[in-house]
Amino acid sequence: VDDLRAVFGTERVKLLFHEEIHADRLAALRDVCAFLAVPFEPRFFGDVEEALNVSRPAAIPDELRRHLIDLHRPTAAAVLKRMGRLPQSWREDFSL
């Protein structure tokens, strides 16, 4: 991210979370189009609400889940500090 911002400038780098994109795909596309200064036409994107390559949730044992959360909490906190936001699920999982 630092390298991208150094080359293109902060105002020319758009960062999105996967969760933000999939929470409202059309809104995310509208936001990206606005960022790129191109017209937004929903008809250009087809059925963005259709789920493709859907997988089932992974069954992670509670002990492993707690370990992974503890391990990655500092990274999530650093992302929050840097971006000023996190998806709600991250805030809940990492207690941030």
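These legends go with several views of a single protein chain.

Before you start, note that this is a predicted model, in which local features need pLDDT of at least 70, side-chain atom pairs count only at pLDDT 80 or more, and totals for chains, interfaces and linings use all residues. Residues are numbered from 1 along each chain as its sequence is written, and side-chain values use heavy atoms, with hydrogens and water left out.

**View 1. The helices of the chain.** The chain has five helices and zero strands, where helices (H or I, at least four residues) and strands (E, at least two) are DSSP runs numbered from the N terminus. The radius of gyration, taken over C-alpha atoms, is 17 Å, well over the 12 Å that the globule rule gives for 96 residues, so the chain is more spread out than a compact globule. That rule is 2.2 Å times the number of residues to the power 0.38. Along the principal axes, the C-alpha atoms fill a box of roughly 50 × 35 × 20 Å.

**View 2. The largest pocket.** Here you can look into a pocket of about 170 Å³. A pocket is an open set of points on a 1 Å grid over the protein atoms alone, where a 1.4 Å probe fits, with protein on both sides within 12 Å along at least five of seven lines; its volume is the space filled by probe spheres set on the points, which are joined across faces, edges and corners.

**View 3. The pocket lining.** Lining residues have an atom within 4 Å of a point, and among them are Glu-19, Arg-65, His-72, Trp-90 and Phe-94. Helix H4 (62–83) and helix H5 (88–94) each give two or more residues to this lining.
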